[in-house]
Amino acid sequence: MLSSNYVLFQRLKDIREDLDFKQQEMAQLLNVPQSCYSRWETGKELIPLRKLVDFCNITKHSLDYVTGISKIEEKTDSKKLNLDLEKVGKRLRKIRLKNGYSQRQLAELLNTTQSTISAYENGETLILTAFAYQIAKQFHISLDELCGGIRRKEKKKETIKS
């Protein structure tokens, strides 16, 4: 199990418990069996991106925090993340091109096929959670922005005058 996955599993559980929800209650809110939700929390399975976004919308936490990309517990405002396959695909393409990657190169990075990347970029298929996470980490971008178009406020860097 990857250490980044451990953060995700632990945060799913920690956030649920902070909200005083039982696994069964969270599973009902996500419209999945309790056994399925339990496997996500224990790391036996990786939560699908659509359900991860639903979890974030329910708990009002950012994808970046829940997945461990950010250590800061960011709460989202009333605007919910909305997974639009076409928009996610366009964002993915823009990120890939901005970083000088071909579809083939990105496919190699993710250990998948070029046709899979093409399907993501054309909005035919939703990107896998693991791939979205890896892209966010590799290219130093917000997972929230990739998946929902929510731009995170960038903190201004302070310059030190000597």
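Modeller: In this predicted model, rings of Phe, Tyr and Trp pair if their centres lie within 6.5 Å, and by this rule the count comes to three aromatic pairs. In one of them, the ring centres of Tyr 37 and Trp 40 are 6.0 Å apart and the planes meet at 75 degrees, so this pair is edge-to-face, given that planes over 60 degrees apart count as such. Tyr 37 and Trp 40 both belong to helix α3 (residues 34–42), and because they are three residues apart there, about one helical turn separates them. Tyr 37 has a relative accessible area of 0% and is therefore buried, while Trp 40, at 2% relative accessibility, counts as buried too.

Another pair is formed by Tyr 120 and Phe 131, whose ring centres lie 6.3 Å apart with the planes at 65 degrees, so that this pair is edge-to-face as well. Here the pair links distant parts of the chain, since Tyr 120 sits in helix α8 (residues 114–121) and Phe 131 in helix α9 (residues 129–139), 11 residues apart. Both Tyr 120 and Phe 131 are buried.

As for confidence, the chain has a mean pLDDT of 86, with 83% of its residues at 70 or more. Over residues 153–162, however, the pLDDT is below 50, and beyond near neighbours in sequence this stretch has one contact in the model. Where pLDDT is low, the predicted coordinates should not be read in detail.

Key: Residues numbered from 1 in each chain as written. Predicted model: local features only at pLDDT ≥ 70, side-chain atom pairs only at ≥ 80, totals over all residues. Heavy atoms only, no water. Phe/Tyr/Trp six-rings, centres within 6.5 Å; stacked < 30°, edge-to-face > 60°. Helix = DSSP H or I, 4+ residues; strand = E, 2+ residues; numbered from the N terminus. Buried < 20%, exposed > 50% of the residue type's maximum accessible area, 1.4 Å probe, protein only. pLDDT = per-residue confidence, 0-100. Contact = heavy atoms within 4.5 Å.
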